[in-house]
Amino acid sequence: MRIILGIGGGIAAYKAAMLLRLFSEQGHDVVAMPTRSSLNFVGAATWEALSGNPVRTSVFEDVDSVNHVRQAEMAELIVVAPATADLMSKVVTGRADDLLTATILTATCPIVFAPAMHTQMWNNPATRRNVAQLRRDGFTVIEPAVGRLTGRDSGAGRLPEPAEIHRQALAVLTSQGTENPDLTGRRIVVTAGGTREALDPVRYLGNRSSGRQGIAIAQAAADLGASVDLIVAHLEVEAPEPTERLRVHRVSSALELESSVHASVLGEDSADAVVMTAAVADFRPKSMATTKIKKDPDADDAPSIELVRNPDILKGLVDSRRRGEHSAFLVGFAAETGSPEHSVAELGEAKFRSKGSDMLVVNEVGSELVFGRDETAATILVATNDGIASESVSGPKAVLARRLMTRVASHLNIGS
Ligand code: CTP
């Protein structure tokens, strides 16, 4: 695929070099199109060497080939990273005084902006107006990350990590022609990862959940415009960078997860949906040893550990909704291996009935299936007036995440 990487004049321009690598390592042909001011940060030699393509900044180079029209026609995707406040304001008003803006004005392919600037510039009414107008005009504007800025200060306005820009740019392409529900104004709570139940200060009971599916769901909800609280227990992968739309809360045990879920769902801001992807331990040691449990070197015996039940958080949410304490749409996940007596589908339906949630996603798991992998195969069960409707989805976890959030959005929109 031919991708144009536009580079605006901001200090984060250096991160665009990594983004270019991510695209070209996937086999895409990337044309780097820096603005003239961005060359103060990263020079043309870097872009030419990394992309293997010549670098131009002005429409008065290669005039014989009418370069901006040729580039715009060949491009299947344009990603601008970093997108400065100035560059976005130019695109909003249709200005075209260099090669990048002239190409953007001519192009018909999807165009993604990844803004980077100081928090004050990001929050300035002029920038907010321009971003809103770009979105209305059909451009995708990625939310900047919240974190350390150029100097010692921090806030919203950081360029997201290259892997995140890469993920969102490709998500824009794959979602073309599919349903794109709008979750703007909705608050979604997602839990991810596996809880750890402490035995002593160094040991715990844990599980093999990687957190990938829950993270993909939180990202899909944020991509569709929702305000997301992602509560993560232990993960095998990095948690996403927080943005103004995606807040990340960290917990460890089932009881901590329960308090965090309650604070998010039963607090002042009402949640529209809760997706319980986390693998919550059903049992915890009755008491945690305050010092490390030691073996007796002269004996072969082993200690017995007494376990007690943890609360069922999802069931608790079903009960509190019944008592009128919240009105969130509730989605559960079930990881099943199946057994000689019962198929995965039978176990999934039985669990759906016993949990009382509005939706249950059933994954078949085994030594080679689902845990820690990017691909998944799942059945989405939904409660209907006539019983249970089901839909099978297989493919990358991001695809299941998008499908699930599309279904959640349509339930929320019918309900409101
Ligand atoms: N769950 C929960 N609280 C628990 C256990 C599970 O909220 N203490 C949620 C999970 O986040 C998931 C769903 O319930 O959304 C199903 O989890 P699972 O462990 O498969 O179900 P269990 O009810 O624990 O059944 P099993 O006996 O098969 O472990």
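**Finding your way in from Arg 2**

Arg 2 is buried, with a relative accessible area of 15% (buried means under 20%, exposed over 50%, partly exposed in between, using a 1.4 Å probe and protein chains only). A quick word before going on: this is a predicted model, where local features need pLDDT of at least 70, side-chain atom pairs need 80 or more, and totals for chains, interfaces and linings use all residues. Residues are numbered from 1 along each chain as its sequence is written, and side-chain values use heavy atoms, leaving out hydrogens and water.

So what does Arg 2 pair up with? Its partner is Asp 29, in a salt bridge whose closest N and O atoms are 3.0 Å apart (a side-chain nitrogen of Lys or Arg within 4 Å of a carboxyl oxygen of Asp or Glu). The two sit 27 residues apart, in distant parts of the chain: Arg 2 belongs to strand E1 (residues 2–7) and Asp 29 to strand E2 (residues 29–34).

Another brings together Glu 241 and Arg 158, with N and O 2.4 Å apart. Here 83 residues separate the partners: Glu 241 lies in the loop between E11 and strand E12 (246–250), while Arg 158 lies in strand E7 (residues 154–158). Glu 241 is partly exposed, at 22%. The two also belong to a salt-bridge network that takes in Lys 15 and Glu 161.

Next up is Arg 167, whose salt bridge with Asp 223 has its closest N and O atoms 3.2 Å apart. Because Arg 167 is in helix H8 (residues 162–174) and Asp 223 is in helix H9, this pair ties together parts 56 residues apart in sequence. Arg 167 is partly exposed at 23%, and Asp 223 is partly exposed too, at 25%.

Back to E7 for a moment. Strand E6 (residues 145–148) pairs with E7 in the antiparallel sense over four bridges (DSSP has to find at least two for a pair). A hairpin of five residues joins E6 to E7, and Arg 148 has Ser 154 in E7 as its bridge partner.

Now for the inside. The largest nonpolar core holds 35 residues, and Ile 188, Leu 404, Met 405 and Val 408 have the most contacts within it (a core is a set of buried Ala, Val, Leu, Ile, Met, Phe, Trp, Tyr and Cys residues joined through side-chain atoms within 4.5 Å). Among the elements that each supply at least two of its residues are strand E8 (187–192), helix H9 (212–223), strand E18 (375–384) and helix H13 (397–415). Leaving aside residues up to four places away in sequence, Met 405 touches Leu 183, Ile 188, Ile 217, Ala 220, Ala 221 and Leu 224, with contact meaning heavy atoms within 4.5 Å. There is also a second, separate core of 27 residues, including Ala 13, Leu 19, Val 112 and Ile 142.

Finally, look at Arg 129 in helix H7 (residues 125–136). Arg 129 is exposed, at 56% relative accessibility. From Arg 129 to Ala 302 is 66 Å in space, C-alpha to C-alpha, and 173 residues in sequence.
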